[in-house]
Amino acid sequence: MVLISIGFSIFIFKWLPKELFVSSFEAKVYNSGFYLLSLNPISANTPWDQWFTPFFLWATGLVSSPEDIVSILDFVNIVSGVSIVCFVTYRFHWSLGMCLGVLLASSPLFLIFKTWIGFSDPITFLLISFYMILFLSPIVYHWKWILLTLILFLGFSNHCFQFIVLVSIVGMVLFLEDKTRWKLLVYPSLTSALLYSIFLIFLFSTTDVVWNQTRVSVFSNMFGEEFVRMNVSEPILGTIGLFHGLWPIVLFLMYKRPVSFFVLLFCYLISMLTYDTNRVFAILSTPVFVLYLLEFWNHSKFFEKYLLISLGILSPVMITLYPLFYKWDGRIIYLQ
């Protein structure tokens, strides 16, 4: 069944987002800077908190044009999706795995992947996917500790502040579901933080990479009038855009697992402090959504499980019923 799931998920993640999230040139956001960084990933222009994606692109040896970056990151997205689907198929049930594949491929996260081009988000999602898979896998404790430490270190290196928030939220969900997990949440985090601190010292002292406070400066600007301007505009469409076609299954999960409402609300409050509201919310909320889906499946009855799958099948259908969009800088950006 796992082999069938691999074939199914490769097809779904390669075909469905491309069909659902067709967008105009004006709707896309391009990060051209990563192309230049991928040619020389350790330089004075390298952001110290986001060096891993350019290094990864450079290490592949496949980047000779900006289009190559798009192809590589699209492949990373497929690997993330296939990994989750195969894990869920093997550890839970094939029907849940295939349903989750359809949900992810038609989710706002893959809308962002198809419209925000050349950013580090695909590798962030790949790493947090591996983190959740490893955490929930029946691996010997000390190996799990080592592997989780490695994943966290790469996550901090890929997008430090974003990954700290993301893994904190995921860790909170895992802890709330099973409080005996605290050692496996805390110890790898401490180990990876120590390794990352040592690495930063090495990076600053032996390369041209320099410290800057750009992230802190942008964050500090998001208070007061700017915060109000960003978040009072387009409240209805902004809310719809948080989940798009996933809303029926999200509401069902909130009803069955009320604590998920507060965790997702926390994700939204964090995204309100950024200009790219829907992008940040999609990155933070999708792993939470996956975890609560798995936890619900473990404790649900037969009828509830297949009601969940039925709602999941509605997702790609619903988002064909209206023009798709995302919210950025307080404005609604339509894909077409």
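This is a predicted model: local features need pLDDT of at least 70, side-chain atom pairs count only at pLDDT 80 or more; totals for chains, interfaces and linings use all residues.

Mentor: Two residues are said to be in contact when heavy atoms lie within 4.5 Å. H8 runs over residues 141–158. Its 18 residues should span 26 Å at 1.5 Å a residue, and because the end C-alpha atoms are 25 Å apart, the two values agree.

The buried residues of H8 are Lys144, Leu148, Thr149, Ile151, Leu152, Phe153, Leu154, Gly155, Phe156, Ser157 and Asn158. Their cover includes helix H3 (52–60), H7, H9 and H10. Threonine 149 belongs to H8 and has a relative accessible area of 6%, so it counts as buried, the limit for that class being under 20%. Beyond its neighbours within four places in sequence, threonine 149 touches Pro188, Thr191, Ser192 and Leu195. Helix H10 covers residues 182–206.

Once neighbours within four places in sequence are set aside, the contacts of isoleucine 139 are Leu134 and Lys144. Lys144 is one of the buried residues of H8.

Next comes helix H9, residues 160–177, where 18 residues reach 26 Å from the first C-alpha to the last, close to the 26 Å expected. Buried in H9 are Cys160, Gln162, Phe163, Leu166, Val167, Ile169, Val170, Gly171, Val173 and Leu174. These buried residues pack against H8, and also against helix H7 (121–136), H10, helix H15 (259–271) and helix H16 (277–299).

Isoleucine 249 touches Leu103, Phe289, Leu293, Leu308, Leu311 and Gly312, residues up to four places away in sequence not being counted.

Most residues other than glycine have a negative phi. Glutamate 234, however, has a positive phi near 50°, and histidine 244 likewise has a positive phi near 50°. Glutamate 234 lies in the loop between helix H12 (225–232) and helix H13 (235–243), whereas histidine 244 lies in the loop between H13 and helix H14 (247–256). At a relative accessible area of 38%, glutamate 234 is partly exposed; at 4%, histidine 244 is buried.

Lastly, a helix pair elsewhere in the chain. Helix H1 (residues 2–20) and helix H4 (residues 66–91) pack at about 145°, their axes 9 Å apart, and their crossing is right-handed. From H1 the contact draws on Val2, Ser5, Ile6, Ser9, Ile10, Phe13 and Lys14, and from H4 on Ile78, Gly81, Val82, Val85, Cys86, Thr89 and Tyr90. By class, these residues comprise 9 nonpolar, 4 polar and 1 charged.

Definitions and conventions: Residues are numbered from 1 along each chain as its sequence is written. Side-chain values use heavy atoms; hydrogens and water are left out. Helices (H or I, at least four residues) and strands (E, at least two) are DSSP runs, numbered from the N terminus. The expected span of a helix is 1.5 Å times one less than its number of residues. Buried means under 20% relative accessible area, exposed over 50%, partly exposed in between (1.4 Å probe, protein chains only). Axes are lines fitted to C-alpha atoms, for helices over the stretch in contact, and angles run from 0 to 180 degrees between N-to-C directions. A crossing is left-handed if the near helix is turned anticlockwise from the far one by less than a right angle, and right-handed if clockwise. Ala, Val, Leu, Ile, Met, Phe, Trp, Tyr, Cys and Pro count as nonpolar, Asp, Glu, Lys and Arg as charged, and the others, Gly among them, as polar.
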